[in-house]
Every structure is written in structure tokens, then in C-alpha cells.
Amino acid sequence: MATKKTSPRRNPMDQIMQASAAFGFRVYKSVFRHSWPDSARTRSLATMSNVFLHLHPTTIRRASLKVTYTFCLGGLSFFFFLVLTVSGVLLMFYYVPSVTQAYQDIKDLQTVVFAGQFLRNMHRWGAHAMVIVVFLHMCRVFYTRAYRPPREFNWVVGVLLLVLTFLLSFSGYLLPWDQLSFWAVTVGTNIAKATPFVGPEAQFLLIGGYEIGQNALIRFYTLHVIALPLAAAVLIAVHFWRVRKDGFSGGL
Amino acid sequence: MADTSQERQANQEQAQAAAAETNRRAEARRRHDASNPLDKARPHRLLAVVKKEAGFIPTKEPSTIVHVWPHLLMIEFLCAIVFTVTLFITSAFINAPLEDLANPERTPNPSKAPWYFLNLQELLLHMDGGLAGVIVPTVVLLLIALVPYFDLGPGQMGRWFTSERGKAVVQFSAIYTAFWLFFLIAFDIFFPVKTLMKNLFPDASGKGILTTIKIPIPGGDPTYEPTPGGMLNVSVTPADIIFSNWIIPISVIFILSGLLIFLVRKRFNADRRDIFQALFTGFVVAFAITTVVGTAFRGYGQNFDWLWWAFKRPL
């Protein structure tokens with residue numbers, strides 16, 4: 001009896017601690033499937049066995065890590081895409097794409113909704129930042145000649161993503177339905193009207209009428225929140241996958 | 001006692017064997033060195049042979065290859081943190097603009113597109129709308145997309161501007177483009193090409209409006225409003241407009257690009273990659289300057305206005 005009492009296995013507190021530690025470790029293992037990445041093997045597993053991280057290779061040349069080579073611009077483009085997706089989804093909770101309600105929704109967002117103004121600011125400044133960062137990313141890739149074979153087609157995908165970035169930003173511009181957005185989009189879609197041969201038809205297709213109104217608002221909204229982001233997401237996946245397959249260009 | 005004598009004997013045998021082995025190795029080394037005189041000059045020599053466990057086994061990765069975790073992920077993580085904080089601070093202190101409710105009856109002067117299209121709006125002032133708004137950007141984007149299929153010359157990848165010469169070419173092209181662009185914008189402000197052409201072709205501009213002819217569309221719907229009566233409206237442009245809005249702008253673009261190629265070839269002995277760099281730099285600088293001019297220096301009626309930016313046009 002005496003030996004049983006002093007045995008740590010019989011101490012209820014210890015038993016609970018051991019069981020919780022074992023359970024915690026089992027949960028951790030069920031999520032990550034390897035211990036903390038501090039060896040070559042677990043570090044490789046950390047990248048390989050994670051759906052998000054496996055967009056990276058497991059190893060990389062040290063020269064490719066040089067910040068003055070990439071300036072993180074590609075990663076930052078994706079970062080802003082994510083920021084805009086998250087803040088955009090939150091904004092959708094408060095916004096109705098109707099000419100009678102849209103403007104008031106933005107006003108409410110700025111005055112009534114908790115942190116609504118902050119949310120809207122983040123979406124707007126993030127959008128401007130994304131346009132700038134994507135453009136700079138293109139310049140970086142061009143000036144380092146990172147489009148060399150076999151990366152030609154990924155450069156083309158990148159150009160398409162630049163166009164999508166412009167379109168995403170432009171389609172979002174109309175949504176607040178204030179004087180600024182209304183006339184900026186009027187000017188913008190008038191440029192489409194100048195297309196040779198099919199100008200008026202192109203403009204009609206874009207705004208669903210002869211001038212900016214409810215039809216244009218719902219078209220721009222649908223393009224902005226679902227069609228263009230989906231297209232961008234698909235092209236981003238292709239873009240990343242090809243970078244992953246062809247390797248990082250830096251430091252050759 | 002028998003044990004100790006046996007042990008002593010065994011020790012002696014071992015010592016003899018070790019000495020014989022040492023002698024054998026020294027002899028083998030001498031013979032080897034004699035047969036291979038170059039080896040005498042080697043900067044290293046065998047000091048000792050140790051067991052595997054006692055030696056230093058390098059566990060560090062070779063310095064040129066590192067694991068993505070943590071080396072790359074740490075950079076990405078830090079970058080994301082820095083920009084999250086920056087965006088939070090910006091959003092906390094600078095509010096997104098919101099003007100009055102949209103009013104189709106009240107056109108603001110000037111009406112401007114979003115800033116990243118103001119380069120096109122600036123072009124619009126100097127040439128035909130279709131050329132500035134659709135043809136030029138489409139052609140430029142197509143050419144940019146096609147660059148990798150034509151830049152097949154020698155030279156390395158992964159170095160900024162490819163070479164020192166490339167860097168010089170880029171600097172030269174930037175200055176060249178900036179100079180010509182400011183000159184062209186100023187020229188069009190002080191000597192408006194459209195007015196000059198109107199004076200050259202007084203008869204054409206006398207009509208005041210564009211002439212329109214109608215072409216029937218096969219199977220056209222008479223009730224479809226954009227093409228009334230199933231007819232396609234085709235504008236016939238007067239000569240002065242053709243010159244000021246099409247021929248002169250296109251010529252300027254081609255002549256200045258050609259001159260840039262000629263100059264970098266002559267001045268820097270540029271190869272194909274350098275020529276692409278020169279043209280791309282021309283695009284980037286033109287894009288930047290027209291964006292800034294269109295955003296900050298175009299005021300009422302899109303007239304040039306040195307102080308327009310001071311009115312704080314919202315972005």
C-alpha cells in the first residue's frame with residue numbers, strides 16, 4: 001500500500017497533467033504531423049505537409065532570399081489581395097448595391113458602424129497600394145529579366161493579373177455612389193466608348209445602358225465582389241504554381 | 001601467474017604488431033611520395049585516424065541552400081507585419097474620400113477617372129479617344145506580354161538591369177523619355193496641334209461636325225437602338241482631325257521610339273535585351289509622368305494648371 005501511495009503514476013494531479021500533455025501532443029500531431037521544425041527533416045515537413053506553405057519549395061538558394069532582389073513585391077501583391085478580400089467581405093455585410101441605398105450605407109458605415117470608417121479606409125488604401133505594388137512587381141521582374149525561359153508564360157499570366165488588378169480597382173470605384181465615383185466611372189467608361197468599330201456596344205455592355213445607373217451599379221458590384229476576384233484567384237494559383245515548379249529566379 | 005605471463009606476452013605481441021604497422025605505413029608513405037613527387041607539395045598531411053563517433057560531423061546545411069522554414073517564411077512574416085502595421089496606421093489617420101451623393105445633373109469640372117487611368121486621360125488630350133484609350137494601352141500591354149518570346153539573346157537572368165551597360169541604357173532612356181514627354185506636353189499647351197491643323201485645313205473644319213455615313217448591317221435589327229434601322233453609323237473624319245488626332249501622335253510615338261533605339265545602339269552598343277530595357281523604361285517613365293501630370297496639373301476644362309494639386313483632389 002505504501003509504495004502505491006508514493007508512486008507518481010497514482011498521483012491524480014500528475015495523471016491529469018500527463019493525460020492532458022499526451023492529448024495536447026496528439027492534437028498538435030494531428031494538425032501538423034511533425035514536431036517543432038528544428039531539424040532538416042521537420043523543416044522540410046513543415047513546408048511539404050502544409051497546404052498553404054507547400055506553395056514554397058522546401059529549400060531555397062540563399063541568394064534568392066536577398067530582399068534587394070525581390071523587395072518582397074510579389075508577396076506584397078498577394079498580401080494586399082488577402083487584406084482586400086477580408087476587408088471587402090466585412091464591407092459586404094453593410095453595403096447594398098442599390099442607387100437609393102448605396103450612398104447611405106457608406107455614410108452609415110462611416111458614422112454608425114463600429115470601426116466602419118477604419119474598415120473602409122483599409123479597403124481603399126489597400127486597393128491603391130495593390131495597384132502600385134503589382135506595377136512595381138512587374139518592373140522588378142522585367143529589370144531582373146526573370147521572365148527568361150521557362151518562365152515566359154508566367155510573365156503573360158502576370159500581365160493578365162496586372163489588368164485584373166486595374167479592373168478590380170476600377171469596378172470598386174463606382175460602389176460608394178458619390179459624385180467622385182459616379183463621374184470617375186463616367187469618364188472611364190466613356191474611354192470604352194471610343195473603342196474603334198464597337199465602342200458604343202462595348203460601353204453598353206459594360207454599364208448596361210447609355211449612362212451610369214442601377215444597371216451599371218449592379219454590374220460593377222457583381223464584377224467587383226465575385227467575377228473578378230475569382231478570375232484573379234485562379235490566375236494567382238497558376239502564377240504561384242508555376243513559380244513553384246520553375247523555381248525562384250534570383251541569384252543565378 | 002599463468003594469466004599475467006600470458007597477458008605480458010599478449011601485450012608484447014600487440015606492441016610489436018603496432019610498431020610493425022607504423023613502420024609499414026611510414027614505408028608505404030615514403031614509397032608513395034617517391035613515386036608521386038607532386039604529392040610532397042600538398043599542404044595537408046594525415047595526423048591521425050579517429051573513430052567515426054569522435055569526429056566532427058557537420059550538421060549545418062551548405063551555406064548556398066537553406067530551408068524555406070524558417071529563412072524565407074521569416075522574411076515573408078516580417079514583411080506582412082510591417083505592411084499590416086503601416087496600413088493600420090494609415091487607415092486610422094487618413095479617411096477615404098466621400099463626396100456628395102451622385103448627381104447625373106451636376107458634372108464636376110474637371111471630371112477625372114481614377115488616378116491610374118489619368119495617364120490615358122492625359123493622352124486623350126493629345127490624340128483621338130480610341131487611340132489614347134483603347135489602341136495604345138492594348139498594343140502596349142500586348143507588346144509587354146510578348147517580350148519574353150523575343151528577348152532570347154545571351155546574357156544572364158537574375159541581375160538588376162542585366163549588366164552595367166544595361167543600367168546605363170535604362171538611365172539614359174529614363175532621361176530621354178522624361179525630356180521628350182515634358183517637351184511634348186508643353187508644346188501641345190503653347191502650340192495646340194489641333195488648332196494648328198484646323199488652320200492648315202480650313203475647309204475640313206468648316207463643317208464643324210464629323211460627317212456620318214450609314215452602312216447597312218446584314219440581318220440588322222431595325223428596332224435595336226444603337227444601330228437604328230439596322231444601319232451602322234460610320235464617322236468620316238475631316239482631314240485636320242485625321243492629322244492632329246491620328247497621324248501626328250502615331251508618328252511621334254514611332255519616331256521617338258525609333259530614335260531611342262538608334263541612340264542606345266550607337267551610344268552604348270546596346271544588344272537586344274538593352275533595347276527592350278530602353279523601350280520598357282520609356283513606357284514606365286511615360287506612364288509615371290502622364291499619371292502625375294493628369295492627377296496634379298490638370299485643372300478646369302483639363303487645362304494645364306501648376307497649382308491644381310493644391311486643391312487636394314481626392315484619390
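Visitor: Where in chain A is the place of Arg33(A)?

Guide: Arg33(A) sits in the loop between α2 (12-32) and α3 (40-48) of chain A. Keep in mind that we're looking at a predicted model here.

Visitor: Is Arg33(A) buried or exposed?

Guide: The cut-off for exposed is over 50% relative accessible area. Arg33(A) comes in at 66% relative accessibility, so it counts as exposed.

Visitor: Which phi does Phe197(A) have?

Guide: Phe197(A) isn't a glycine either, yet its phi is positive, at about 75 degrees. You'll find Phe197(A) in the loop between α9 (179-193) and α10 (199-207) of chain A.

Visitor: And is Phe197(A) buried or exposed?

Guide: Exposed: the relative accessible area of Phe197(A) is 80%.

Visitor: Let's move on to peptide bonds. What is the peptide bond from Trp69(B) to Pro70(B), cis or trans?

Guide: As a rule, most peptide bonds are trans. The one from Trp69(B) to Pro70(B) is cis, and its omega is near 5 degrees. As for location, Pro70(B) belongs to helix α2 (residues 68-93) of chain B.

Visitor: What joins Asn109(B) and Pro110(B)?

Guide: A cis peptide bond links Asn109(B) to Pro110(B), with omega at about 0 degrees. Pro110(B) lies in the loop between α2 and α3 (118-124) of chain B.

Conventions:
Residues numbered from 1 in each chain as written. Chains lettered and ligands numbered in written order. Predicted model: local features only at pLDDT ≥ 70, side-chain atom pairs only at ≥ 80, totals over all residues. Heavy atoms only, no water. Helix = DSSP H or I, 4+ residues; strand = E, 2+ residues; numbered from the N terminus. Buried < 20%, exposed > 50% of the residue type's maximum accessible area, 1.4 Å probe, protein only.
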